[in-house]
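Subject: Structure handover

Dear colleague,

Please find below the structure that I promised to pass on to you.

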Amino acid sequence: MKIPFVDLAREHAPMKDALHAAVREVVDSGRYIMGPKLAAFEAAFAEHVGAKHAIGVSSGTDALVLALLARDVGPGDVVVTTPYTFFSPAGVAARLGAEVVFVDIDPRTYNLDPDALDRWFARDARADRVRVVLPVHLFGLAADLEGIRALTRPRGVTVVEDAAQGVGTYAGDGRHVGVHGKLGCFSFFPTKNLGGLGDGGAVVTDDDALAARVRSLRSYGMSERLVHERLGGNHRLDEIQAAALLVKLDYLADKQRVRDLHAAAYDDALAGLGLGLPARPTPPARHAHHQYVVRVGPERDRVRAALASEGIETVVYYPTPLHLQPVFASHGSGAGDLPHAERAALETLALPIRPSLTPSERDTVVDALRRALGK
Ligand SMILES: Cc1ncc(COP(=O)(O)O)c(C=O)c1O
């Protein structure tokens, strides 16, 4: 049996008619950019995460660009982030001319470790130049925002949250991620928990002035029509994406319930197999199960190949930590400097957890994993 990791057509099957109608409505309306669908989605998403403002943008990467630009991040500034994630947060900071510093992760949660951040602040001469700490809520588990903010607050450092994988994630205080720092950045890439029919993203904030800056920066830096107050670009979320996201927002709670069921069933079935299972936060914190990632250990690639031979697709997030990527080769950290990130990159494996996965497909994954582990 073939079990794909992602199957978006199956994901969309129960809402296909609503999606077709939403797209048709936009086509017929003649309004394609900055229209009523965008305004409606921004209001709905702001309410969903509990933020005062949500600004729809063209991707999660652009959400990060606009959030850092809104804080005037540039040459001379230091941005501290995690080495164990997708390229965007570090890539964006570096593209804006900031110096990127990677601080190691907590090996249980895979998120930026506040203790490691504390040690770095205490010993590194660049600590005074830190403008932004940029934690990522990896795989749908909140980073330790309380621990991070206890370090940034007395230093006047801004926290920008990368919540690209964090739709549905609650932090320790029970609030949705993205609203704890000055700005939160979301991605609506199609495979995300809330994914569009193409690229999309959002910046959320409670700060009126920052919201106005982000709105201006996403549309050529305009403050009003054809008055360009700052160096913005074209980073807008279009009407078709906003319309599709409004439909998908209605299905989000159901999809989340299925992800939660899959995760709980995997937790039960895989206990005792010697795997490192995902960290379980204490309620009201909530894991959104964007990915279900197990720590297999040094045998990871062999196990992955065994699953593949049975038709089961898995994914390695992320095989190369960012400080070892070619583009960051000259920036300071090398092999051995961030051991928890480096080990995670070698040992972890993401199992299929899409909402369209059936219980019997999930059982097939578990059985194949047992066989591969010889258990
Ligand atoms: C942690 C993280 N940050 C940023 C992004 C960038 O989002 P996008 O693909 O929408 O640009 C992604 C994912 O794709 C991500 O996983």
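**The largest pocket**

Helix 9 gives the largest share of the lining of the largest pocket, namely five residues; helices (H or I, at least four residues) and strands (E, at least two) are DSSP runs, numbered from the N terminus. Please keep in mind that this is a predicted model, in which local features need pLDDT of at least 70 and side-chain atom pairs count only at pLDDT 80 or more, while totals for chains, interfaces and linings use all residues. Residues are numbered from 1 along each chain as its sequence is written, and side-chain values use heavy atoms, with hydrogens and water left out.

The largest pocket holds about 680 Å³ of space. Of the 40 residues that line this pocket, Ser187, Phe189, Thr191, Lys192 and His290 are the closest to its centre. At least two lining residues come from each of helix 1 (8–12), helix 4, helix 5 and helix 9 (239–270). Sorted by class, the lining of the largest pocket has 17 nonpolar, 14 polar and nine charged residues, where Ala, Val, Leu, Ile, Met, Phe, Trp, Tyr, Cys and Pro count as nonpolar, Asp, Glu, Lys and Arg as charged, and the others, Gly among them, as polar.

Pockets and cavities are both found on a 1 Å grid over the protein atoms alone: a cavity is a set of points where a 1.4 Å probe fits but cannot get out, a pocket is an open set with protein on both sides within 12 Å along at least five of seven lines, and lining residues have an atom within 4 Å of a point. Grid points are joined across faces, edges and corners, and a volume is the space filled by probe spheres set on the points.

**The cavity**

How many cavities of 30 Å³ or more does the structure hold? There is one, and the largest cavity contains about 70 Å³ of space. Among the residues that line the largest cavity are Arg108, Tyr110, Phe139, His287 and Gln291, and by class this lining has seven nonpolar, three polar and one charged residues.

Helix 5 is largely enclosed by the rest of the structure, because six of its eight residues are buried; buried means under 20% relative accessible area, exposed over 50%, and partly exposed in between (1.4 Å probe, protein chains only). The buried residues are Ser88, Pro89, Ala90, Gly91, Val92 and Ala93, and they pack against helix 4 (60–70), strand 2, strand 3 (99–102), strand 4 (130–134) and strand 5 (158–162). Contact here means heavy atoms within 4.5 Å.

Leu245, which has its place in helix 9, is buried, with a relative accessible area of 0%. Apart from neighbours within four places in sequence, Leu245 is in contact with Phe41, Phe188, Leu194, Gly195, Gly196 and Leu237.

**Aromatic rings**

The structure holds 15 aromatic pairs; rings of Phe, Tyr and Trp (its six-membered ring) pair if their centres lie within 6.5 Å, and planes under 30 degrees apart count as stacked, over 60 as edge-to-face and the rest as tilted. One of them is the tilted pair of Phe87 and Phe328, with 6.2 Å centre to centre and 35° between the planes. This pair links distant parts of the chain, 241 residues apart, with Phe87 in the loop between strand 2 (78–81) and helix 5 (88–95), and Phe328 in the loop between helix 10 (300–309) and helix 11 (339–347). Phe87 is partly exposed at 38% relative accessibility, whereas Phe328 is buried at 5%. Ring pairs also link Phe5, Tyr84, Tyr110, Phe139, Tyr317 and Tyr318 into a cluster.

**Backbone points to look at**

Most residues other than glycine have a negative phi, and most peptide bonds are trans. The peptide bond from Tyr317 to Tyr318 is cis, with omega near 5°, and Tyr318 lies in the loop between helix 10 and helix 11. Another cis peptide bond joins Pro283 and Pro284, with omega about 10°. His289 is not a glycine but has a positive phi of about 50°; His289 lies in the loop between helix 9 and strand 10 and counts as buried at 7% relative accessibility.

With best wishes
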